[in-house]
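Work through the exercises below with the structure open. Each task is followed by a stepwise solution.

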Amino acid sequence: MITIFPDILILLFPFVMLSLKLFLKVSLKTQENFAVGYFLVVFVTLNFILLGQNHFYLSNWKIDSFGIFMREIFVLSSLLAISLSHNYFNSSVSLKPKLLNFSEFSASVGFAAFGGIVVVSANDLLTLFIGLELATIPMYALVAWNKRDSEGTEAAIKFILTGSVATAFELFGFSYLYGFSGFITFPEITNAVATAQVSPLLWISLLFIISGIGFKMTLFPFHLWAPDIYEGAPTPVTAILSVTSKAVAITFLTVLVLGPLHSVQKEISPFLALLAGATLFVGNLGALSQSKLRRFMAFSSISQAGYILIALLGNTPNAKYSIVYYLFLYTFSNYLAFFIFSVVGKNQAETFSALRGLSEKNKFLAISLLIALMSLAGIPPLAGFFGKLQIFTTAAENGHFFLILFAVLNNVLALYYYIQVLKSAWIDKPEKEIALSIPTKQKIIILILTLSVLLLGFLPFLSNNLSIAFL
Amino acid sequence: MFEKNLLNLLWILPFLTVLFSIPIKENSPNLKRFHLASAGVVLLSSIYLLIQVFQNTITNPSSQIQLLYETKLNWLNAISAKYFIGIDALSSMMLVLAAIIIFTGILATWRLEKGQKVFLGFFQILAASVYGVFISFDLVLFFVFYEMEALCMYLLIAGYGSGNKDYGAKKLTLTLAIGSSMILAVFLGIYAETGTWNLIELSKIALPESFQYYAFPILFLGFAVSSSLFPFHFWSPAGHSAAPTAVSMFAAGVMMKMGAYGCLRIAIYLMPEGAKIWLPYLLIFIAFNVIIGPFIAMRHKDLKFITAYSSISHLGLIFLGLAAMTPLAFRGAALQMISHGFLTGLFFATIGMIYSRTHTRDITQMGGLMKAIPFIGVGFVIAGFAGLGLPGLSGFVAEATIFIGSFENPSPLCRVITILAILSITATAIYILRCANKMLHGPLVISKELLPKTLPEEKFIIVSYVICLIILGIFPMPFAKLLDSSIYPIYMNLIR
């Protein structure tokens with residue numbers, strides 16, 4: 001029973017939050033503290049679940065070690081997003097009006113996290129689809145949370161339109177997969193795929209499924225929506241989009257490719273390799289000439305999606321382990337960057353010029369920024385490097401040598417644009433003096449995140465604990 | 001046990017220094033004293049380790065690297081990477097070189113007025129990265145240390161440099177990053193082929209020949225980027241001319257040696273078949289470095305550009321030694337790594353001292369400096385003499401060994417390039433003497449009152465480098481013998 005307890009807790013969270021506001025009418029501050037405390041409790045509970053055998057509930061709710069770690073990532077991401085949103089509910093930030101309705105906001109975040117959990121626990125196509133939608137629909141609302149902000153509304157409309165097309169693609173692909181195998185449950189589909197010859201029906205279904213999920217994961221030809229939406233959404237929502245949303249999409253692909261479609265993994269891996277290579281190249285190219293921080297982070301996260309996709313070329317236990325490991329480190333680095341951007345952009349637009357002279361105004365923030373961006377760029381001994389190393393090793397074991405060479409050379413492009421940001425923060429002189437003040441709470445979170453990014457990769461603690469569970 | 005802990009301390013101490021220097025006030029003199037003390041401790045321990053290695057290494061050539069004071073711990077179990085460090089003859093000598101350059105580098109920034117804390121902090125991280133490179137014998141650990149410098153190099157040059165600093169810093173950082181990406185890709189390939197990152201184990205396994213054929217050039221050129229081999233040499237003049245004195249000393253003295261060290265220790269050692277196929281072709285690139293480098297230096301007027309091209313030509317000599325693939329040439333290459341580290345450190349240190357007085361690096365706008373600052377002038381001339389291979393200084397020993405060794409290689413191309421390289425020493429003499437003549441002699445251009453006297457720490461820097469150059473120049477034999485114990489295994493792998 002303990003294994004399913006955290007899932008029930010997360011499912012209850014949105015309803016509890018809503019009733020706190022509706023019936024108990026508690027203050028904003030209590031709501032915030034409660035939400036953060038709640039997610040912390042869930043996170044701690046997740047750590048107590050014993051790993052080992054796969055558990056099944058009602059025959060199609062699967063809990064395995066991959067699932068538990070993905071739950072931890074979803075919960076961690078929601079926890080950090082809610083603490084990041086603190087500023088935005090209490091005052092106007094980045095020249096935009098302040099956000100309202102915290103309880104509904106955190107309820108949506110909770111629903112999105114639960115959607116991710118449904119995806120990772122799914123054992124049939126229908127559950128998988130419901131999970132994906134449950135994770136996506138709250139995002140539409142979250143992007144438009146600032147309803148008096150026209151940019152946000154525009155972004156949300158774009159997001160809904162492209163997102164629903166993507167959903168339609170997926171459903172279409174699923175219908176072919178069902179037509180091909182005659183079942184919607186994974187064990188039967190696995191058998192059907194393994195025994196049948198590779199048929200055009202399967203290829204069509206795969207094409208549509210990967211295109212559909214490509215939208216949500218911002219893979220190369222389907223990535224164009226991301227910059228506008230990342231820019232229009234409030235910063236905490238951008239952070240969730242770049243972490244939770246991406247994690248859900250990669251989980252979806254992992255569940256399918258390393259699950260029922262495992263026997264055709266060899267056949268589709270050239271296709272995946274091409275997608276991964278193109279995605280990280282296009283993401284890197286796009287980021288080269290940005291001047292707005294959130295738009296920049298959109299391109300940066302597109303290229304990160306390309307890196308994660310490389311892991312899917314590996315063998316089963318290693319690939320899952322690399323994805324979880326990479327996502328953990330990516331979550332820390334990405335949220336660290338967003339926390340710093342939100343502090344810097346408190347009284348001005350979040351652009352590169354807002355960062356000017358940061359090293360003179362606040363050394364602590366400047367060093368944290370250095371660590372966050374260099375980690376995203378994959379410079380050792382910071383966390384991001386070890387995530388990438390793990391992914392490359394996984395792919396190298398299956399002999400994708402030239403894809404790896406291409407990916408590591410792309411790191412140089414990435415290094416260039418991260419250095420551009422660092423140049424604003426460290427080298428350029430400030431245009432006008434705007435005082436920077438960090439609330440103590442934020443300072444503590446930034447400190448914790450900085451230390452995590454600095455140490456989690458180099459010290460083998462996280463890596464070895466995860467690998468025990470997987471390998 | 002003591003030596004083992006000392007070896008671990010070498011890379012941990014710089015990090016601890018950075019950590020404990022955070023609470024010290026920005027402008028307090030204790031800050032630089034603290035950093036200097038820490039660098040001094042590292043210097044003394046590296047000298048102690050060198051003496052220990054001297055006593056404990058058997059100088060008879062054997063086919064195994066004699067690794068002392070190993071520490072082997074499990075690290076990242078998922079990819080079976082180990083924390084594996086140790087020390088042998090070559091790495092102990094490189095360690096002493098690095099420690100001397102770091103120590104004098106901190107002295108060279110003694111009078112830095114603004115932002116000392118950040119500068120010294122990043123400089124210590126650079127130090128940790130080079131110490132780590134020279135002692136790690138696990139490829140992942142090696143790469144972590146090797147790539148760490150990218151973190152600090154940009155900020156140090158762009159923040160504290162002179163001239164076109166942002167451009168130079170970016171050029172340097174990104175070009176070096178291209179090199180290290182190539183290295184990482186090949187390391188991953190090696191791991192996929194063998195399942196281990198352990199350098200000692202890998203040297204016993206013969207990698208598949210087909211893999212060696214296409215991986216060797218990528219790995220070798222990847223390392224050669226940081227040693228500015230011909231098609232990748234362009235970062236070096238731009239980077240050096242923009243960098244502050246201490247960073248120039250570090251980059252030319254140690255960082256560029258890391259590449260040559262990697263070529264010898266990893267590329268040639270692990271892929272002997274690939275080396276035999278490719279190195280004769282790479283001689284063409286090397287010829288550019290050795291022969292064209294001095295001629296470009298002749299045309300330049302900026303002191304740092306001259307020294308950068310002189311470094312390019314001297315590093316070409318190291319590669320000539322590597323490409324000749326005879327034991328004597330290898331020994332010469334290793335000696336040249338150390339000798340050039342000292343002489344280029346002295347070069348850049350004296351240039352920094354001159355620049356801080358004249359505020360120009362254009363040699364046509366200087367003159368008669370020997371009358372005003374004789375001490376620094378003599379230091380510059382000694383560095384120049386070591387560079388053009390004056391007997392009695394370390395440059396002669398190293399270059400002569402390389403030339404004799406590479407002439408032993410019977411291939412006609414190698415011999416022709418050796419002969420041309422020997423002739424190009426004349427060009428080296430021309431630009432160094434011309435430069436010294438313009439700058440140090442003739443009428444004094446800037447009045448004597450504007451040129452402050454040589455400071456005590458500057459005297460210390462110059463004297464310590466000159467002592468190193470003379471020791472290596474007059475008593476090279478014990479060092480050469482010691483180096484053979486590291487080089488012979490590499491040669492044995494080649495003729496296996």
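## Exercise 1: Two domains in chain A

The C-alpha centres of domain 1 of chain A and domain 2 of chain A lie 21 Å apart. This is a predicted model: local features need pLDDT of at least 70, side-chain atom pairs count only at pLDDT 80 or more, and totals for chains, interfaces and linings use all residues. Residues are numbered from 1 along each chain as its sequence is written, while chains are lettered from A and ligands numbered from 1 in the order in which they are written.

Task: state the domain bounds in chain A and describe the side of domain 1 that touches domain 2.

Solution. 
1. Take the bounds. Domain 1 of chain A covers 1-152 + 223-256, and domain 2 covers 267-471. Such bounds come from an automatic or database domain assignment.
2. Count the contact. Domain 1 of chain A gives 30 residues and domain 2 of chain A gives 34. Two residues are in contact if their C-beta atoms, placed from the backbone, lie within 7 Å.
3. Name the elements. On the domain 1 side, helix H3 (65-90), helix H9 (225-232) and helix H10 (235-257) of chain A give two or more residues each. Helices (H or I, at least four residues) and strands (E, at least two) are DSSP runs, numbered from the N terminus.
4. Find the largest share. H3(A) supplies it, with eleven residues.
5. Sort by class. This side of domain 1 of chain A has 18 nonpolar, ten polar and two charged residues. Ala, Val, Leu, Ile, Met, Phe, Trp, Tyr, Cys and Pro count as nonpolar, Asp, Glu, Lys and Arg as charged, and the others, Gly among them, as polar.

## Exercise 2: Where the chains meet

Task: describe the side of chain B that touches chain A.

Solution. 
1. Count first. The contact pairs 27 residues of chain B with 29 residues of chain A.
2. Locate them. Strand E1 (68-76), helix H5 (139-160) and helix H6 (165-194) of chain B each supply at least two residues.
3. H6(B) gives the most, 13 residues.
4. Sort by class. The chain B side has 19 nonpolar, five polar and three charged residues.

## Exercise 3: Overall build of chain B

Task: list the secondary structure, extent and burial of chain B.

Solution. 
1. Chain B has 19 helices and two strands.
2. Its C-alpha trace spans about 65 × 60 × 40 Å along the principal axes.
3. Of its 496 residues, 61% count as buried (20 or more other C-beta atoms within 10 Å of a residue's own, with C-beta atoms placed from the backbone).

Terms used:
A residue is buried if 20 or more other C-beta atoms lie within 10 Å of its own, exposed if 12 or fewer, and partly exposed in between; C-beta atoms are placed from the backbone.
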